[in-house]
Amino acid sequence: MILVTTAGKVGTEAARLLREQDVPVRVLVRDPDKATPKALAAAGAEIASGDLEIPAGIDAAMAGVSAVVLVSPAVPAQELNVVASAARAGAAHVVKATSKASADSPIARRRGQAEIEAGLAAAGIPHTLLRSNAYMQNVLALAPTIAATSSFGSAAGKGRAGMVDARDVAAVAAAIAASPGPHAGKTYWLTGPELVSNYDVAAVLSKLLGRTITYRELTFQENKDAMIRAGVPEQIAEMNAQAFSLTADGDAEWVTDDVPAILGRPGRPFEQFAADHAAAFS
Ligand SMILES: NC(=O)c1ccc[n+]([C@@H]2O[C@H](COP(=O)([O-])OP(=O)(O)OC[C@H]3O[C@@H](n4cnc5c(N)ncnc54)[C@H](OP(=O)(O)O)[C@@H]3O)[C@@H](O)[C@H]2O)c1
């Protein structure tokens, strides 16, 4: 049995792919009555009701689990609850979704990821780190603005990123959780097949939608304020705007072969991601 800790972008697709291969999978969610857990249950996944803040519920979900796909908003105390539970239950492997973790990063989220990674190493459980570049799905957060105004802005400037489709991150997580042996102790840096700037994003969307989509370079503060106006909590808006500002300075300008090496097929390019989500931008 594989436990997937949440039914977000990566967890949902990882669980779906594992069910497609008839692998037993259990997904821990806060609200089993939401549409996504219901769809996963219909696909044959077990749904465990719980909150990453509450160890007893995690322990119940951990029963009989051989491997864990640890993916969540990565609040250190919450993910370390999962690590401790996996250690108590003797789980054989943890696949941890993470980012450019670093204990001295200016971004709190990356310092938190470093804390979780250190806790996982200290727990002594064989594990694999998936350090992903920016998810293409982040662009979906801009979709309502793009649909309404045919424009979008960011503090990422002219910076390019090896953006990866979260569906490919999920496919890698599922493949490793199903056959973890050769991946123990490995860190993979997951990217898409190419470097993409926001000017490239605008060009791809313009071609796809048949109308001009304009990209505007924003300052850190303008970007943070725009996200807050769109309903993003201030702390998250701050971290996102910091990450975009670092992208402007080349922080995300890396592409690897880890996705094709593990999946045996290329990662999805941004053009395909955009085509698959065209309706959201229309
Ligand atoms: N976005 C990027 O560009 C990027 C890049 C690299 C790495 N990453 C990493 O990817 C991970 C996030 O993965 P994702 O994008 O798949 O996540 P996501 O789509 O944001 O989903 C997070 C899920 O966690 C659930 N959740 C939140 N708090 C919870 C709690 N206390 N107990 C149980 N469930 C809880 C939410 O469920 P409900 O709210 O529905 O209950 C939601 O389904 C993070 O580690 C992040 O650092 C992201």
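How many aromatic pairs does the count come to? The model is a predicted one, and in it the count comes to four aromatic pairs.

**Aromatic pairs**

- The pair of Tyr199 and Tyr215 links distant parts of the chain, since Tyr199 belongs to helix α8 (residues 198–209) and Tyr215 to strand β11 (residues 214–217), 16 residues apart.
- Tyr199 counts as partly exposed because its relative accessibility is 38%, a value that falls between the 20% limit for buried and the 50% limit for exposed.
- Tyr215 counts as buried, because its relative accessibility is 7%.
- For Phe270 and Phe273, the ring centres are 5.6 Å apart and the planes stand at 35°, so this pair is tilted; planes under 30 degrees apart would count as stacked and those over 60 as edge-to-face.
- Both of these phenylalanines, Phe270 and Phe273, lie in helix α12 (residues 270–276), where they are three residues apart, or about one turn of the helix.
- Phe270 and Phe273 are both buried.
- Ring pairs also join Phe152, Tyr199 and Tyr215 into a cluster.

**The ligand and its surroundings**

- The ligand is surrounded by 23 residues, of which Val10, Arg30, Lys34, Gln113 and Asn138 are the closest.
- Sorted by class, this shell holds nine nonpolar, ten polar and four charged residues.
- At least two residues of the shell come from α1 (9–20), and at least two from β5 (93–98).
- The side chain of Arg30 has an N or O atom 2.8 Å from an oxygen atom of the ligand.
- In the side chain of Asp51, an N or O atom is 2.9 Å from a nitrogen atom of the ligand.
- An N or O atom in the side chain of Asn138 is 2.8 Å from an oxygen atom of the ligand.
- The ligand would expose 940 Å² if taken alone, and the protein buries 80% of that area.

- Asp22 is not a glycine, yet its phi is positive, at about 65°.
- The position of Asp22 is in the loop between α1 and β2 (25–29).
- Is Asp22 buried or exposed? Asp22 is exposed, because its relative accessible area is 60%, and exposed means over 50%.
- Ser150 likewise has a positive phi, of about 55°, although it is not a glycine.
- Ser150 sits in the loop between α6 (143–149) and β7 (151–154).

**Residues separated in sequence and their distances in space**

- Val29, a residue of strand β2, counts as buried with a relative accessibility of 6%.
- From C-alpha to C-alpha, Val29 is 9.2 Å from Val4, and the two are 25 residues apart in sequence.
- Leu40 is part of helix α2 (residues 35–42) and counts as buried, at 4% relative accessibility.
- A distance of 8.8 Å separates the C-alpha atoms of Leu40 and Ala7, which are 33 residues apart along the chain.
- Ala248 lies in helix α10 (residues 234–248) and is partly exposed, at 34% relative accessibility.
- Val232 is located in the loop between α9 (220–229) and α10, and is partly exposed with a relative accessible area of 23%.
- Val232 and Ala141 are 91 residues apart in sequence, and their C-alpha atoms are 9.8 Å apart in space.

Note on methods. Residues are numbered from 1 along each chain as its sequence is written. This is a predicted model: local features need pLDDT of at least 70, side-chain atom pairs count only at pLDDT 80 or more; totals for chains, interfaces and linings use all residues. Side-chain values use heavy atoms; hydrogens and water are left out. A residue is near a molecule or strand if one of its heavy atoms lies within 4 Å of it. A polar contact is a pair of N or O atoms within 3.5 Å; within protein, one must be able to donate a hydrogen and the other to accept it, and residues adjacent in sequence count only if both atoms are side-chain atoms. Accessible areas come from the Shrake-Rupley method with a 1.4 Å probe; for residues, only the protein chains shown count as cover. Helices (H or I, at least four residues) and strands (E, at least two) are DSSP runs, numbered from the N terminus. Ala, Val, Leu, Ile, Met, Phe, Trp, Tyr, Cys and Pro count as nonpolar, Asp, Glu, Lys and Arg as charged, and the others, Gly among them, as polar. Rings of Phe, Tyr and Trp (its six-membered ring) pair if their centres lie within 6.5 Å; planes under 30 degrees apart count as stacked, over 60 as edge-to-face and the rest as tilted. Buried means under 20% relative accessible area, exposed over 50%, partly exposed in between (1.4 Å probe, protein chains only).
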